[in-house]
Amino acid sequence: MSQQTVHSQRAAAGYLARARGRLSIEATRALFRKPLAVKTALPLISFTFDDFPRSAFLEAGSMLRRYGALGTYYVSLSLMGKQSHMGPMFQTEDLKELVHLGHELGCHTFGHCHSWSTPPDVYERAIVENQAALRDVLHGASFQTFSYPFSAPRLAVKQVAGRHFLCCRGGGLRDDRYFSRHSGGGQTFNSGITDLNLLCAFFLEKSRDNPEAVKSLIDQNARARGWLIFATHDVCGAPSPYGCTPDFFEQVVQWALESGARILPVVEAVEVLRASQPK
Ligand SMILES: [Zn+2]
């Protein structure tokens, strides 16, 4: 086989793989939807944290409360008490205190499963395991909301998660470059008819060196009277690549309030939107 034939076969295989990926992502976006009209008198903004590092609660959670606001914490209970590259993770007491203060807990699978590459039956077991682990720590507690770890979900995973929760927030730390740019799955706000099984979210760390981009999105959300869901991980003086500093976070909270938005945990925001559905 000539060198040229090998090259063109490799190019064709790459093209086909990319095309399959695009089709899978389009299918995820288009199918197993739970539509919700985002139509509200005031724009909405939610602050969410994934995994989660203690600093998200101790720093960012305290800051939100100083501004009269509450956040949503998507927890993987297998990470409880662990050390990580994002600093120490939450402890049992943090979960109790957080709920006591009025913040919201969401599910993020027990073992922090990859949302594209994990088989759907394994993924579902990880959801059920996380629910059981939560009940062990907080009797009677249950998750109503979910966020997809690592990436946008493949279709079968979206179907599974959609069965368990009122709403599911998009993921997309590393693997969703196509998804973000082309499918509205990430780095934007929810407006028009959104999908409760795959809510758009904006990861703050991706714009921590460009705060003006965040300000601009907050203003766009206000004009559209949309629902902007922020996400991040650690909030500390020397953040990991997946977090931001307290100063940056505080600036975003201030801009959010100045825009006239109501800052609400995710499930409360869904309830507000459901109450104002067009009759
Ligand atoms: Zn995560």
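In which hand does α4 pass α5 in their crossing, right or left? In this predicted model, α4 passes α5 in a right-handed crossing. Helix α4 covers residues 120–137 and helix α5 residues 155–164; their axes come within 9 Å and cross at roughly 25 degrees. Because angles under 35 degrees count as roughly parallel, α4 is roughly parallel to α5. On the α4 side the contact is made by P120, Y123, E124, I127, V128 and Q131, and on the α5 side by A156, V157, V160, A161, R163 and H164. By class, these are eight nonpolar, two polar and two charged residues.

P211, E212, V214, K215 and I218 of α7 meet F248, V252, W255 and A256 of α8. This contact has seven nonpolar residues, two charged ones and no polar ones.

| Helix pair | Residues | Axis angle | Axis distance |
|---|---|---|---|
| α4 and α5 | 120–137 and 155–164 | roughly 25 degrees | within 9 Å |
| α7 and α8 | 211–224 and 246–258 | about 20 degrees | 10 Å |

D51 lies in strand β2 (residues 44–51) and H108 in the loop between β4 (104–107) and α4, so that the pair, 57 residues apart, links distant parts of the chain. Both D51 and H108 are buried.

How values were computed. Residues numbered from 1 in each chain as written. Predicted model: local features only at pLDDT ≥ 70, side-chain atom pairs only at ≥ 80, totals over all residues. Heavy atoms only, no water. Axes fitted to C-alpha atoms, helices over the stretch in contact; angles between N-to-C directions. Helix = DSSP H or I, 4+ residues; strand = E, 2+ residues; numbered from the N terminus. Parallel < 35°, antiparallel > 145°, perpendicular 65-115°, else oblique. Left-handed = near helix turned anticlockwise from the far one by under 90°. Contact = heavy atoms within 4.5 Å. Nonpolar A, V, L, I, M, F, W, Y, C, P; charged D, E, K, R; others polar. Buried < 20%, exposed > 50% of the residue type's maximum accessible area, 1.4 Å probe, protein only.
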